[in-house]
Amino acid sequence: MKARHQRLLLVLAALAALGLIVALVFSALKENVAFFHSPADIAAGKAPENKLFRVGGLVEAGSLERQEDGVTVRFVVTDNIARVPVHYKGILPNLFSEGKGVVAQGRLAEDGVFVAQKVLAKHDENYMPPEAAQALQAAHEAGIGNRTMNPSDPGFLEKK
Amino acid sequence: MTAHERRTIPFEGKNGNNARMTSFTHLYKFSAPAAFYPLAGRLIPWFWGLAALFGAIGLWLGLAVAPTDFQQGEGYRIIFVHVGASWMSMFLYLIMAFWSAIGLAFNTRLSGMMAAALAPTGALFAFISLWTGALWGKPMWGTWWVWDARLTSELILLFLYIGFIALTRAIDDPRRADRAGAVLALVGVVNIPIIYFSVTWWNTLHQGASVSLTKSPSMAAVMLWGMLFCALAMWMYAIAVSLIRVRGIILERERHANWVKALLLDRAKH
């Protein structure tokens with residue numbers, strides 16, 4: 001076998017190995033790369049039990065309750081299909097508010113309450129001045145808003 | 001004359017048939033380093049000028065004209081650096097992979113030099129993207145870093161750039177270094193669509209694209225223009241510094257060629 005045939009074989013073997021790696025990584029990612037589970041996933045029993053995971057969705061309007069100590073909060077995460085009550089003690093990010101996106105990391109307790117250790121805000125890809133946002137919100141409430149520019153939808157519901 | 005020196009003669013001198021050249025072959029002559037070197041030198045000031053012009057317009061629009069954002073306040077203005085840097089980090093990798101493929105297929109010397117010249121700038125933009133993203137994530141999301149698909153794949157891009165630079169610098173023979181780097185660059189190109197589509201394929205903390213080819217931009221027009229001009233400025237900057245770098249690489253690799261000796265002698269006289 002000539003040296004250049006050997007090189008060719010080596011390159012082909014490396015490429016084949018690489019293809020295999022990419023294929024394996026992709027099949028693994030398909031299952032595990034989701035950063036968070038939706039409340040619907042949890043309701044369907046797809047979320048891991050007794051394991052740390054994240055739940056993502058919208059903070060349900062009117063569900064936020066602050067305790068006396070000022071750092072303990074209860075709220076409900078919803079994806080408009082299912083709801084998950086969340087209990088959290090700690091500092092909330094600036095963008096955390098009712099009707100906005102949130103990703104909470106923690107465990108699901110036996111009583112169905114998600115005990116969060118960390119709460120992150122997930123914002124949408126819309127950028128506009130406050131006046132425009134108000135106008136859009138008003139239009140949306142009047143039923144004429146367009147879906148892609150709805151400021152109260154941080155894009156959680158588009159992937160399903 | 002050695003075989004090496006003969007190869008460095010510009011295309012147009014070979015047969016003396018300049019008049020018959022089509023416009024394509026006319027461009028093709030610049031694939032010879034000796035012809036490309038002076039062309040790059042003439043182009044560099046223009047790209048610096050465009051970078052300064054677009055940068056000034058972009059920053060003026062972004063920092064002075066664009067309104068406050070409805071949910072992120074003034075903090076969103078980091079977008080004017082972050083998005084352009086992220087785009088350039090992906091785009092420069094595609095260009096690097098393009099030159100790598102050309103180099104592997106046609107064995108053209110300049111291709112490997114172009115890829116080598118682009119890598120440090122691409123790495124810089126990937127780093128800026130990650131760094132400004134962290135600075136942005138802390139106040140808005142509440143964290144510097146999460147291992148979501150978008151952030152992780154962008155970090156892999158930075159590692160690909162660094163790996164490309166390390167690999168090509170580790171091999172002494174420049175032609176072999178080019179080929180090894182080219183294979184790495186082409187393998188890594190699979191990461192670019194992963195970065196781009198990560199926010200639609202998977203649940204991520206990072207939000208979806210504000211600007212894409214498939215839908216109208218979800219940004220106020222002034223914000224969008226500011227962002228586009230800043231991105232253009234970074235593009236022009238990337239071209240300017242890559243051309244400077246490729247000129248350095250050309251001189252280094254062709255230092256034994258007659259045209260470089262003539263050039264240096266000429267420069268020493270002035």
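1. A convention is needed before the helix packing can be discussed: a crossing is called left-handed if the near helix is turned anticlockwise from the far one by less than a right angle, and right-handed if it is turned clockwise. By that convention, the crossing of α3(B) and α9(B) is left-handed. The model is a predicted one, and the points below should be read with that in mind.

2. A second pair in chain B is formed by helix α6 (residues 149–170) and helix α7 (residues 174–188), whose axes come within 9 Å and cross at roughly 165 degrees. The angle makes α6(B) roughly antiparallel to α7(B), while the handedness of the crossing is right-handed. On the α6(B) side the contact involves B:Leu160, B:Gly163, B:Phe164, B:Leu167 and B:Thr168, and these meet B:Ala177, B:Ala180, B:Gly181, B:Leu184, B:Ala185 and B:Gly188 in α7(B). Sorted by type, the residues of the contact of α6(B) with α7(B) are 7 nonpolar and 4 polar, with no charged residue.

3. Turning to chain B as a whole, the chain has 10 helices and 0 strands. Its C-alpha atoms fill a box of roughly 70 × 35 × 35 Å when taken along the principal axes. Of its 270 residues, 40% count as buried, and among the contacts in chain B between residues at least 6 apart in sequence, 75% join residues at least 24 apart.

4. Chain A has 3 helices and 6 strands, and along its sequence these follow the pattern α-α-β-β-β-β-β-β-α. Buried residues make up 30% of its 160 residues. For contacts in chain A with a separation of 6 or more, 49% are accounted for by residues 24 or more positions apart.

5. The division of chain A into domains also deserves a remark, with domain 1 covering 1–33, domain 2 covering 39–122 and domain 3 covering 125–154. The C-alpha centres of domain 1 of chain A and domain 2 of chain A lie 42 Å apart.

6. For the contact between the chains, 30 residues come from chain B and 30 residues from chain A. On the side of chain B that touches chain A, the residues divide into 16 nonpolar, 11 polar and 3 charged.

7. Which residues of chain B does A:Tyr127 touch? Setting aside residues up to four places away in sequence, A:Tyr127 touches B:Asp69, B:Tyr76, B:Ser210, B:Met219, B:Ala220 and B:Met223. A:Tyr127 lies in the loop between β6 (114–122) and α3 (130–141) of chain A, and A:Tyr127 counts as buried because it has 24 C-beta neighbours inside 10 Å, where 20 or more are required. As a further reference point within chain A, A:Tyr127 and A:Val77 are 50 residues apart in sequence, and their C-alpha atoms are 24 Å apart in space.

Note on methods. Residues are numbered from 1 along each chain as its sequence is written. Chains are lettered from A and ligands numbered from 1 in the order in which they are written. This is a predicted model: local features need pLDDT of at least 70, side-chain atom pairs count only at pLDDT 80 or more; totals for chains, interfaces and linings use all residues. Domain bounds come from an automatic or database domain assignment. Axes are lines fitted to C-alpha atoms, for helices over the stretch in contact, and angles run from 0 to 180 degrees between N-to-C directions. Helices (H or I, at least four residues) and strands (E, at least two) are DSSP runs, numbered from the N terminus. Angles under 35 degrees count as roughly parallel, over 145 as roughly antiparallel, 65 to 115 as roughly perpendicular and the rest as oblique. Two residues are in contact if their C-beta atoms, placed from the backbone, lie within 7 Å. Ala, Val, Leu, Ile, Met, Phe, Trp, Tyr, Cys and Pro count as nonpolar, Asp, Glu, Lys and Arg as charged, and the others, Gly among them, as polar. A residue is buried if 20 or more other C-beta atoms lie within 10 Å of its own, exposed if 12 or fewer, and partly exposed in between; C-beta atoms are placed from the backbone.
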